[in-house]
Amino acid sequence: MIMTDKQLAFIRKKTDFVPDVAIVLGSGLGALADEIETECIIDYGEIPDFPVSTAPGHAGRFVFGKIGNKKVAVMQGRVHLYEGYTPQQVVNPIRLLKKAGANILFLTNAAGGINSDFHIGDLMVLSDHISSFVESPLVGKNDDALGVRFPDMSQVYSKRLNKIIFETAEKENTKVKSGVYLQFRGPNFETPAEIRMAKMMGADAVGMSTAIEAQAAKHCGFEVCAVSVISNLACGISKTPITSEEVNETADRIAPVFKNLIKKAIGNF
């Protein structure tokens, strides 16, 4: 907690803003941060010992402000294991946001679709995740100020929040699906054999983030929800090679619908 105490002290010199909801914006989804009623912006690089985003399409800054009547702290871009960060560094922002006062965490990402009923551009609400292929961020000495040594993960993603997202989507005539997300480390896209394995394990979509963030969030007492944009069909399902450009292009195309859903859902949290 010493690191996050130092980081929070730095943020408090910039703003005394206390968010209700924290939002992590994934690949190609950062434009939502430009639409909030902004009170303060802090680049990750300004914060002491804070991991800095290097992935394309991740601006790498906190935006504090309002969406409707909700006070939000938006991460415009995240950091990933494939950038060379440890699991503990990857979830540092989540713990900092909790310490800053947020109680709800809304995670987003771009993911590769495995489920045969999914199509490029679909939205998937996470019902559960599989994180067995990456190291847990909870490994090492437990910080009792954050949470218990052996946290329960039987319901990582809040049924209450998921219900609100589905009800909001119905009102907005936006189709959303539900599924299990599997996190690989990256940065390479998966092989066809790995995708077949993921499908056999029950995964509906795969990506390179989110699951360990959700683990850390659950550990420190957040109420968590997450939505994926199915930005591409996974390797072996797609008929063509996968590129990061394809991922970002799909996220850009679906962004207006996704942004509207996030804003309306958060208003109902």
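Analyst: Rings of Phe, Tyr and Trp (its six-membered ring) pair if their centres lie within 6.5 Å; planes under 30 degrees apart count as stacked, over 60 as edge-to-face and the rest as tilted. Phe17, Tyr44, Phe50, Phe62 and Phe64 form one aromatic cluster. This is a predicted model, where local features need pLDDT of at least 70, side-chain atom pairs count only at pLDDT 80 or more, and totals for chains, interfaces and linings use all residues. Residues are numbered from 1 along each chain as its sequence is written, and side-chain values use heavy atoms, with hydrogens and water left out.

User: How many aromatic pairs are there by that rule?

Analyst: The count is 7 aromatic pairs. In one of them, Tyr44 and Phe50, the ring centres are 5.2 Å apart and the planes are at 50 degrees, so this pair is tilted.

User: Tyr44, buried or exposed?

Analyst: Tyr44 is buried, at 1% relative accessibility; buried means under 20% relative accessible area, exposed over 50%, partly exposed in between (1.4 Å probe, protein chains only). Phe50 is buried too, at 7%.

User: Which ring does the charged end of Lys71 sit over?

Analyst: The ring of Phe17, with the charged end of Lys71 5.1 Å from its centre. A charge sits over a ring if NZ of Lys or CZ of Arg is within 6 Å of the ring centre and within 35 degrees of the ring normal. Lys98 lies over the face of Phe222, 5.3 Å from the ring centre.

User: Now helices. At what angle do α2 and α5 pack?

Analyst: Helix α2 (residues 87-99) packs with helix α5 (residues 211-219) at about 55 degrees, and the axes are 9 Å apart. That angle makes α2 oblique to α5. Angles under 35 degrees count as roughly parallel, over 145 as roughly antiparallel, 65 to 115 as roughly perpendicular and the rest as oblique. Axes are lines fitted to C-alpha atoms, for helices over the stretch in contact, and angles run from 0 to 180 degrees between N-to-C directions. Helices (H or I, at least four residues) and strands (E, at least two) are DSSP runs, numbered from the N terminus.

User: Changing topic. Which peptide bond is cis?

Analyst: The bond from Gly186 to Pro187, with omega near 5 degrees. Pro187 is in the loop between β7 (176-183) and α4 (192-201). Most residues other than glycine have a negative phi, and most peptide bonds are trans.

User: What is the phi of Asn173?

Analyst: Positive, about 55 degrees, although Asn173 is not a glycine. Asn173 is in the loop between α3 and β7 and is exposed at 71% relative accessibility. Thr210 also has a positive phi, near 80 degrees. Thr210 is in the loop between β8 (205-207) and α5, and counts as buried at 0%.

User: Last one: what does Gln155 touch?

Analyst: Ser127 and Lys218, not counting residues up to four places away in sequence. Gln155 lies in the loop between β6 (123-130) and α3 (159-171) and is partly exposed, at 29%.

Key
Contact = heavy atoms within 4.5 Å.
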